[in-house]
Amino acid sequence: PQVTADFTIEFWAKTTKELWTIFSYNNGVSDELTVQGGSATATNCLVTIAGTEYTGPDNCCASITTGTWHHLAIVRSGTMLVFYVDGSAYGDVELAVVEAPASSGCLVIGEEQDEQCGGFDETESFDGHIAELRLWKEARTAQQIQ
C-alpha cells in the first residue's frame with residue numbers, strides 16, 4: 001500500500017522467538033514500511049512508516065506468545081495508526097506527516113533491512129510461520145478485522 005494514504009496490514013503469525021519482523025520495505029534511504037514486534041523486555045508492536053518509528057500502545061503485543069497462532073492488524077486511517085491483536089484494538093497512535101516514498105525499493109518477508117535488500121540481522125528475523133499476509137489500500141473497520 002501507499003504509506004501516504006489509508007491502508008491495512010493484516011496477517012496470522014506463529015513465532016518461535018520473542019523478537020520478530022514480519023516484513024520490511026526499504027528504498028535505500030530508510031525503512032519505508034516495516035512491521036516488528038515483541039522482545040524479551042518490550043511488549044509493544046513497532047511499525048516504521050517513511051523512516052519514522054511508531055510504537056504501539058503499551059502492552060499491545062504482550063499477549064503474543066511463542067508457539068501459538070495470533071492474528072495481527074495495523075490500520076492507518078487518516079492520521080491515526082490502530083493496532084489489533086486477535087481481533088481486539090489496543091489503541092491508536094497519531095502519525096506525523098508522511099511523505100511519499102521513493103518509487104523503487106526492496107520488500108523482504110520475515111526480516112528487517114538495515115540497507116536496501118541487505119544489512120540483515122538474525123536477531124530481527126522471523127522464525128516461525130506467517131499466513132494470509134494481506135496489504136489493503138483501505139482502512140479496514142474493526143468489524144472487518146474481527
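Cys106 is buried, its relative accessible area being 13%, and this cysteine is joined to Cys117 by a disulfide in which the two sulfur atoms lie 2.3 Å apart. The model described here is a predicted one, and in it the protein has one helix and 10 strands. Of its 146 residues, 43% count as buried.

**The disulfide**

- The link between Cys106 and Cys117 is the one disulfide that the structure holds.
- Because the torsion about the S-S bond of Cys106 and Cys117 is about 125°, this disulfide is right-handed.
- Cys106 belongs to strand 9, which covers residues 106-109, while Cys117 sits in the loop between strand 9 and strand 10 (128-136), so the pair ties together parts that are 11 residues apart in sequence.
- The two partners fall into separate accessibility classes, since Cys106 at 13% is under the 20% limit for a buried residue, whereas Cys117, with a relative accessibility of 44%, lies between 20% and 50% and therefore counts as partly exposed.
- The backbone of Cys117 also deserves a note, as its phi is near 60°, a positive value in a residue other than glycine, and this residue is found in the loop between strand 9 and strand 10.

**Overall fold and surface**

- Followed along the sequence, the elements come in the pattern β-β-β-β-β-β-β-β-β-β-α, with the one helix of the protein placed after the strands.
- When contacts between residues at least 6 apart in sequence are taken together, 60% of them join residues that are at least 24 apart.
- The protein exposes about 7,200 Å², and carbon and sulfur atoms supply 48% of that area.

**The cavity**

- The count of cavities of 30 Å³ or more comes to one, and the largest cavity has a volume of about 40 Å³.
- The residues that line the largest cavity are Ala13, Lys14, Thr15, Trp20, Ile22, Ile64, Thr68, His70 and Leu72.
- Strand 1 (7-15), strand 2 (20-26) and strand 6 (70-77) each supply at least two residues of this lining, and the largest share, three residues, comes from strand 1.
- By residue class, the lining of the largest cavity divides into five nonpolar residues, three polar residues and one charged residue.

**Thr48 in strand 4**

- Thr48 has its place in strand 4, which covers residues 45-49, and at 4% relative accessibility this threonine counts as buried, because the class takes in residues under 20%.
- Leaving aside residues up to four places away in sequence, Thr48 touches Asp31, Glu32, Leu33, Thr34 and Glu53.

**Glu132 in strand 10**

- Glu132 is found in strand 10, and its phi is near 50°, which is again a positive value in a residue other than glycine.

Note on methods
Residues numbered from 1 in each chain as written. Predicted model: local features only at pLDDT ≥ 70, side-chain atom pairs only at ≥ 80, totals over all residues. Heavy atoms only, no water. Helix = DSSP H or I, 4+ residues; strand = E, 2+ residues; numbered from the N terminus. Buried < 20%, exposed > 50% of the residue type's maximum accessible area, 1.4 Å probe, protein only. Contact = heavy atoms within 4.5 Å. Areas by Shrake-Rupley, 256 points an atom, 1.4 Å probe, with all protein chains shown as cover. 1 Å grid on protein atoms, 1.4 Å probe; cavity = no way out; pocket = protein on both sides within 12 Å on 5 of 7 lines; lining within 4 Å. Points joined across faces, edges and corners; volume = space filled by probe spheres on them. Nonpolar A, V, L, I, M, F, W, Y, C, P; charged D, E, K, R; others polar. Disulfide = S-S within 2.5 Å.
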